[in-house]
Amino acid sequence: MCMDPFVEYSHHVACGMEPGMQNSSASSKDHWPQAEPTDRKTEGCRLVDQVRRDICDFLTSCSELLFNERDLQMHLALWLRQSDSAYDDVDLEYFVPYQELDKGPNGYLWENELRLDIVVRKGREFLPVELKYKTRRITCATERFGEKLGGNIEVVKNQGAQDLGMYNFWKDVRRLELVRRRFHTSVKNGLSVFVTNDPKYLRKSPQSNHEAFGMSEGVHETRKCWGNRHSACAAKNPNFEVEQPYAIHWHRHNIVGNIFYFCIVQIGESDDSPDEATKECFRIGSSSGVSTNEAELL
């Protein structure tokens, strides 16, 4: 039986084996940052704090452009496996039958497969991570097989459809809430990560059809609904409600002259006193944070 290459890759990462797949970033594998040992203490640290810190380290260490969301997913999974946090498992495309989740009025409204981008396990606790990588076009000089290619190559595509990108981010948040509710003994938290070089995601969109799905800096309310219930977006993408207001804080990172922005939203149990490693990570990130006023000018 032939195995899908990506499923095989996922298996390799989960089992701790080196995948037989070439790096797909715009430059050679040798230049990709590797997770390096640190003196940070992980004993007694919550799993969500460890993973959040490692994701933040990865995103602020990126020095090569990633082609697409799958490229981000694979590189991040390898980074997590190689980190000093000593995770027991890092799995990709983690399948959960949607029929297992709450199907009530505000339950799982999307009758399609649920495959979580990354699931990290340590002991008996699991942490699901959902990723979104929404981009506008970037062209640059690149090389393949050690040979420089002629001219500038489109390495990052223009995706557009920011309204659906925002919807799908909050949909990820809602799905993580439902997974946590169903598997509450082993899933205490989840993380929803959004990476983009498109500043439209950082702006407010007052009186637009997708205003309720906005991702501007600050706290966002629970109700997620389209402004025009007769629109094409509303017809294919149902309204829903998340369990609580969530705050979005954007951070900036420069990758070979291209500005990228990222935010990480935590689902589940909170901690008013996060561990020092996580605070230090986001103290570094906050120095490159994006203010609300600045976002409006992008």
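Is Glu154 buried, partly exposed or exposed? Glu154 counts as partly exposed, at 33% relative accessibility; buried means under 20% relative accessible area, exposed over 50%, and partly exposed in between, with a 1.4 Å probe and protein chains only.

The model is predicted: local features need pLDDT of at least 70 and side-chain atom pairs count only at pLDDT 80 or more, while totals for chains, interfaces and linings use all residues. Residues are numbered from 1 along each chain as its sequence is written, and side-chain values use heavy atoms, with hydrogens and water left out.

**Stop 1: Glu154 and Arg137.** Select both side chains, which meet in a salt bridge (2.8 Å, N to O); the term denotes a side-chain nitrogen of Lys or Arg within 4 Å of a carboxyl oxygen of Asp or Glu. Glu154 lies in strand 7 (residues 153-156) and Arg137 in the loop between strand 3 and strand 4 (138-140), so the contact ties together parts that are 17 residues apart in sequence. Arg137 counts as exposed, at 53% relative accessibility. Helices (H or I, at least four residues) and strands (E, at least two) are DSSP runs, numbered from the N terminus.

**Stop 2: helix 4.** Select residues 162-182, the 21 residues of helix 4. From first C-alpha to last, helix 4 reaches 30 Å, close to the 30 Å expected at 1.5 Å a residue; the expected span is 1.5 Å times one less than the number of residues. Of its 21 residues, 15 are buried, and the helix is mostly covered.

Asp172 is buried at 2% relative accessibility, and Lys132 is buried at 10%.

**Stop 3: a salt-bridge network.** Select Asp102, Arg174, Glu177, Arg181 and Glu243, which are linked in a network of salt bridges. The count of salt bridges comes to 15.

**Stop 4: strands 13 and 14.** Select residues 251-255 (strand 13) and residues 258-268 (strand 14). The two strands run antiparallel and are joined by 5 bridges; strands pair if DSSP finds at least two bridges between them. Arg252 has Tyr261 in strand 14 as its bridge partner.
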